[in-house]
Amino acid sequence: LGAALRIQAAVPATGCCVCRNWISTTPRLDYIQRRTRLRVVDNSELGRRAMEAGKPPRVMHVYGKKLKAATGDMVMVAILGQKRRGFIVGARRPEGPLRPQFDSNNLVLLNDEGQPLGNRILAPVPSFLRANRNPKLDYTKLLAIATKFV
Amino acid sequence: QSISSMKLELCSFSGFKVYPGRGRWLIRTDGKTFHFLNSKCERSHFQKKNPREVSWTVLYRRKHKKGQVEEAAKKKSRKSHKAIRAVAGLSMADLMAKRNQKPEFRKAQREQAVRNAKEKAKAKEAEKKAQKQAEAKQARAGGAGQKQKAAKVVKPSAPRVGGKR
């Protein structure tokens with residue numbers, strides 16, 4: 001028993017030691033997909049209640065025949081027991097060279113007609129959204145309630 | 001697609017110029033924007049390094065005054081000219097006259113002043129002497145007790161109240 005313990009405890013003079021800090025080797029998992037929790041950044045009543053209650057909306061469905069949502073995509077979220085549509089205005093995943101990445105996945109809640117529920121967006125909105133590339137949604141009204149463009 | 005903006009950003013960590021297409025652009029939850037030139041700058045930022053303590057950054061060099069920023073600043077410093085104005089006692093002309101006095105003139109003035117002072121002192125002494133002599137004569141003529149010089153009255157030192165200090 002004593003001999004076995006000694007071997008286990010021995011640290012070789014040269015070569016690698018036992019790594020004490022376990023580093024994650026998977027890349028950052030920052031896609032927006034189903035079950036992703038988002039941060040509501042408009043001043044809608046529903047959004048505010050949900051964020052204050054500590055029950056952020058979860059993505060249920062990504063519109064547009066895709067599995068991952070990015071900035072500029074419409075999603076269906078479950079928020080405080082309701083189903084609501086939402087629009088992604090900021091994503092953690094870095095998009096491209098000239099586009100900002102955010103520290104949180106930001107969502108603006110929409111009603112069934114595609115109009116924003118709140119009347120102000122409190123987080124900075126990337127200005128590349130001004131070039132509307134989403135054929136299914138006209139979000140000009142949404143950009144109109146944005147307070148700050150980046 | 002988005003329009004490429006030719007605005008050159010500065011890296012939030014290193015202070016170098018970030019050309020469009022380079023680096024990363026992060027917007028924090030509190031709304032603060034960060035531009036990073038490369039992953040070196042980005043990682044340094046997230047490791048919470050202070051760019052003012054990292055010697056290759058612009059902030060460090062500025063803080064420690066490296067390079068030619070200081071020299072350029074010193075060269076550009078302007079001297080402020082004090083305007084000469086007339087004072088309450090002197091008009092402008094008098095002031096300028098006084099200012100433009102030659103050093104020899106001033107020296108002569110000084111010597112004159114010294115001479116005057118000396119003469120005054122002499123006169124005073126002579127006066128005193130004369131007075132003394134006059135008093136002495138009177139004392140001799142008038143007898144002992146009359147006009148005596150006031151004797152210095154020395155008070156006997158009173159015992160100190162409160163004990164020895």
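Predicted model: local features only at pLDDT ≥ 70, side-chain atom pairs only at ≥ 80, totals over all residues.
**Ground rules.** Residues count from 1 along each chain as its sequence is written, and chains are lettered from A in the order in which they are written. Local features need pLDDT of at least 70 and side-chain atom pairs 80 or more, while totals for chains, interfaces and linings use all residues, and side-chain values use heavy atoms, without hydrogens or water.

**The contact.** I looked up who touches whom (heavy atoms within 4.5 Å): 14 residues come from chain A and 13 from chain B. Together the chains bury about 1,300 Å², meaning accessible area (1.4 Å probe) lost on being put together, summed over both. Carbon and sulfur atoms hold 59% of that. On chain A's side, Leu98(A), Gln101(A) and Asp103(A) supply 42% of what chain A buries against chain B, more than any other three residues.

**Bridges.** I checked for salt bridges (Lys or Arg side-chain nitrogen within 4 Å of an Asp or Glu carboxyl oxygen) across the interface and got 0. Chain A's touching side still has 4 charged residues (Asp, Glu, Lys or Arg), beside 8 nonpolar and 2 polar ones.

**Strands.** Strands here are DSSP runs of E, at least two residues, and pairing takes at least two bridges. Gln101(A) turned up again, opposite Leu26(B) in β3(B).

Terms used
Buried area = accessible area lost by both parts, 1.4 Å probe. Helix = DSSP H or I, 4+ residues; strand = E, 2+ residues; numbered from the N terminus.
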